[in-house]
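Reader: I would like to go through the terms used for this model. Take me from each value to its label.

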Amino acid sequence: MMIPLSYYLILSAVLFTVGVIGVLVRRNAIVIFMSIELMLNAVNLSFVAISRHLDSLDGQIFVFFVMTVAAAEVAVGLAIIINLFRNKETVNVDEINIMKW
Amino acid sequence: MTVTGFFFFSIAAVVLISAILVVVLRNPVHSALSLVLTFFSLAGLYILLNAQFIAAIQVIVYAGAIMVLFLFVIMLLNLDKEKRVGEKHPLQKAFGIAIAVFLLVALGSIVAAGVLYGNKGIHTDAKVSAIGNTKAIASLLFTDWVLPFEIASILLLAAIVGAIVLSKKEL
């Protein structure tokens with residue numbers, strides 16, 4: 001039995017929504033970052049499912065590039081979080097308001 | 001239920017439960033560990049989708065490299081459990097979940113409408129299995145996609161330099 005494409009897309013949509021909830025509700029910067037990774041993975045799942053559905057490999061190559069960008073993003077983002085913690089002694093995003101005028 | 005269906009639904013359940021745990025658990029280390037579980041089970045879904053190369057780099061890059069980075073940073077920062085007191089915005093949770101539900105309905109209606117279509121490619125399952133998934137991806141990556149591939153390497157270099165510059169106290 002082939003799993004229908006829509007099952008994968010629904011799973012990916014739910015996964016993306018869980019990530020969105022994490023970004024909107026949590027206040028720990030690291031957990032927010034992990035939720036962003038969840039959203040990236042949800043999109044990756046859509047890419048792979050649709051690429052299978054369309055008999056094409058381009059989706060998988062896109063996932064490869066998304067992973068590259070995610071790795072770069074995590075390295076820089078975590079460095080920023082470490083810097084914030086050094087300056088403010090917190091990773092709670094409610095207390096990090098130095099860019100607020 | 002067929003074997004494929006059984007695997008799909010059980011892996012999908014693990015993906016969803018561990019993803020929800022990432023958001024719900026209050027200790028960041030526990031969140032990170034359940035994120036590792038999410039990544040592993042997503043690799044299982046990629047295997048079901050005949051994307052073995054993606055499954056392998058999902059485990060190596062995401063579950064291996066990126067999550068180790070996360071755990072190291074959590075260890076360095078020595079975070080406590082998120083405190084419940086001092087919520088500055090009491091409506092934040094309600095609004096966040098409302099927006100997310102709206103988004104889910106929007107995404108679900110797109111999937112339900114079935115408006116997604118595209119031209120079929122040439123890489124059918126049989127063709128890809130004949131030469132191997134990794135080889136097929138590699139031959140595309142080094143021909144059609146060679147410029148983005150090189151740009152990705154420059155991006156990684158920039159990220160390395162950026163991470164070092166940001167985390168060094170003084171240059």
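**The interface of chains B and A**

Author: This is a predicted model. The contact draws on 85 residues of chain B and 68 residues of chain A.

Reader: How much area do chain B and chain A bury between them?

Author: About 7000 Å², with 76% of it on carbon and sulfur atoms. On the side of chain B, B:Val23, B:Leu49 and B:Phe70 lose the most area to chain A, together 10% of what that side buries.

Reader: What makes B:Asp125 and A:Arg52 a salt bridge?

Author: Their closest N and O atoms are 2.8 Å apart. The cut-off is 4 Å between a side-chain nitrogen of Lys or Arg and a carboxyl oxygen of Asp or Glu, so the pair qualifies. The count between chain B and chain A is one salt bridge.

Reader: How many residue pairs are in polar contact across the interface of chain B and chain A?

Author: The rule finds 13, with both residues at pLDDT 80 or more. On the side of chain B that touches chain A, the largest share, 13 residues, comes from H3(B). The residues of that side divide into 57 nonpolar, 19 polar and nine charged.

Reader: Why is B:Leu35 called buried?

Author: Its relative accessible area is 0%. B:Leu35 sits in helix H2 of chain B.

Reader: Which residues does B:Leu35 touch, leaving out those up to four places away in sequence?

Author: A:Met34, A:Glu37, A:Leu38, B:Val22 and B:Met67. B:Leu35 and B:Met67 are 32 residues apart in sequence, yet 8.0 Å apart in space, C-alpha to C-alpha.

Conventions
Residues numbered from 1 in each chain as written. Chains lettered and ligands numbered in written order. Predicted model: local features only at pLDDT ≥ 70, side-chain atom pairs only at ≥ 80, totals over all residues. Heavy atoms only, no water. Contact = heavy atoms within 4.5 Å. Buried area = accessible area lost by both parts, 1.4 Å probe. Polar contact = N/O pair within 3.5 Å; in protein donor to acceptor, adjacent residues only side chain to side chain. Helix = DSSP H or I, 4+ residues; strand = E, 2+ residues; numbered from the N terminus. Nonpolar A, V, L, I, M, F, W, Y, C, P; charged D, E, K, R; others polar. Buried < 20%, exposed > 50% of the residue type's maximum accessible area, 1.4 Å probe, protein only.
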